[in-house]
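Got a few minutes and a structure viewer open?

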Amino acid sequence: MLALYRSVLYLYPEDHRREFGDEMQAVFAEAERSVAVLGASSRMAFYGRELFGLIAGAMEEHIRCLTGIRSWGVLPWRRRAMRSDFRFSKATPVLMALILVAILIAIEKATAIRNSVYPASSVHVGPLHAEHFTFVPSLMLMFACAYLVGMIGWAIVYALHRSGVHRLDGMKGGTE
Amino acid sequence: MEPLPLSEPVLLILVSLAEAPRHGYSILKDVTAMSDGRVTLSTGTLYGALRRLLNDDWIERFEDEDTSRGRQAYRLTANGRRHLQTEVRRLKQLTRVASLRVAPRER
């Protein structure tokens with residue numbers, strides 16, 4: 001998992017990674033060792049929280065680098081990242097779907113603008129070769145995959161929560 | 001500068017460092033213990049907060065003897081302690097008013 005953590009760290013801006021990357025890895029390794037003795041649901045919660053915290057943190061760092069805005073507490077997922085029992089909000093799939101739709105609309109509008117500037121008659125279209133499927137389709141595919149993975153993750157967490165397996169952590173073994 | 005009132009994770013991090021210099025993992029454990037397990041910070045959340053607190057000069061790096069395994073300790077600066085005291089006073093005032101208002105009234 002440390003290798004995965006290290007690779008996710010590359011989402012951060014380089015200066016943040018250079019300054020805190022080694023420390024973050026060391027702290028993650030220690031925290032991982034401490035949850036190794038816990039149950040499967042606790043370990044899942046730990047990895048989910050870490051992954052979510054890293055991605056949200058990386059986004060905030062990029063926003064800060066680009067705009068100078070410091071967004072602690074402004075972005076709703078930061079509050080979620082500190083929760084002891086990590087879980088997706090029910091609104092998450094809806095939010096992700098809205099983002100996906102917004103991206104698709106933006107792509108469509110961009111295409112319309114391009115067509116208005118360069119009419120179809122003056123532009124040679126097709127046949128489309130593999131080299132045309134580069135950035136935009138890859139981006140769409142990436143978002144679709146992320147959406148799918150998010151949905152699956154949410155379904156698993158929701159199913160675990162419904163099954164009551166998270167309550168096993170609170171049970172104490174043995175009676176006197 | 002960190003806006004007041006402080007968010008709960010930042011407040012807990014500052015309270016943790018007010019007692020003694022700590023490194024990252026120690027802060028994580030202390031925050032969880034102080035909040036009775038209710039707040040568990042991820043490393044991403046922790047180091048985002050530490051970076052901002054360092055930039056604002058609320059905390060500083062501390063040369064600990066145990067620098068093995070990439071450990072870096074942090075401690076509160078005088079500036080950070082002053083802001084933390086301000087926040088604690090604000091919370092005291094708030095809890096005092098709240099206690100008075102939610103206390104059962106005698107008829």
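Each exercise below sets a task and then walks through a solution.

Some ground rules before you start. This is a predicted model, so local features need pLDDT of at least 70 and side-chain atom pairs count only at pLDDT 80 or more, while totals for chains, interfaces and linings use all residues. Residues are numbered from 1 along each chain as its sequence is written, and chains are lettered from A and ligands numbered from 1 in the order in which they are written.

**Exercise 1. Work out what chain A is built from and how much of it is buried.**

Step 1: List the elements. Chain A has six helices and zero strands, counting helices (H or I, at least four residues) and strands (E, at least two) as DSSP runs numbered from the N terminus. Read from the N terminus, that gives α-α-α-α-α-α.

Step 2: Check burial. A residue is buried if 20 or more other C-beta atoms lie within 10 Å of its own, exposed if 12 or fewer, and partly exposed in between, with C-beta atoms placed from the backbone. Buried residues come to 15% of the 176 residues in chain A.

Step 3: Look at the contacts inside the chain. Residues are in contact if their C-beta atoms, placed from the backbone, lie within 7 Å. Take the contacts in chain A between residues at least 6 apart in sequence: 69% of them join residues at least 24 apart.

**Exercise 2. Describe the side of chain A that touches chain B.**

Step 1: Count both sides. Here 26 residues of chain A are in contact with 22 residues of chain B.

Step 2: Find the elements behind chain A's side. Helices H2 (14–35), H3 (40–67) and H4 (76–81) of chain A each supply at least two residues. The largest share, eleven residues, comes from H2(A).

Step 3: Sort by class. Ala, Val, Leu, Ile, Met, Phe, Trp, Tyr, Cys and Pro count as nonpolar, Asp, Glu, Lys and Arg as charged, and the others, Gly among them, as polar. On chain A's side that makes eleven nonpolar, six polar and nine charged residues.

**Exercise 3. Characterise how H3(B) packs against H2(A) and H3(A).**

Step 1: Know what to look for. Two packed helices are described by the angle between their axes and the distance between the axes. Axes are lines fitted to C-alpha atoms, for helices over the stretch in contact, and angles run from 0 to 180 degrees between N-to-C directions.

Step 2: Start with H2(A). Its axis and that of H3(B), residues 43–55, come within 10 Å and cross at roughly 140 degrees. That makes H2(A) oblique to H3(B); angles under 35 degrees count as roughly parallel, over 145 as roughly antiparallel, 65 to 115 as roughly perpendicular and the rest as oblique.

Step 3: Name the residues. A:His16, A:Phe20, A:Met24, A:Val27 and A:Phe28 meet B:Thr43, B:Tyr47 and B:Arg51.

Step 4: Move on to H3(A). H3(A) and H3(B) pack at an angle of about 30 degrees, with their axes 7 Å apart. From H3(A) come A:Glu50, A:Gly53, A:Leu54, A:Ala56, A:Gly57, A:Glu60 and A:Glu61, and from H3(B) come B:Thr43, B:Gly44, B:Thr45 and B:Gly48. The class count is two nonpolar, six polar and three charged.

Step 5: Zoom in on B:Thr45. This residue of H3(B) is buried, with 30 other C-beta atoms within 10 Å.

**Exercise 4. Examine the positive phi values at B:Asp36 and B:Asp57.**

Step 1: Recall the background. Most residues other than glycine have a negative phi, and most peptide bonds are trans.

Step 2: Take B:Asp36. Its phi is about 60 degrees, it sits in the loop between H2 (24–34) and H3 of chain B, and it is exposed, with 8 other C-beta atoms within 10 Å.

Step 3: Take B:Asp57. Its phi is about 65 degrees, it lies in the loop between H3 and E2 of chain B, and it is exposed, with 12 other C-beta atoms within 10 Å.

Definitions and conventions. Contact = placed C-beta atoms within 7 Å.
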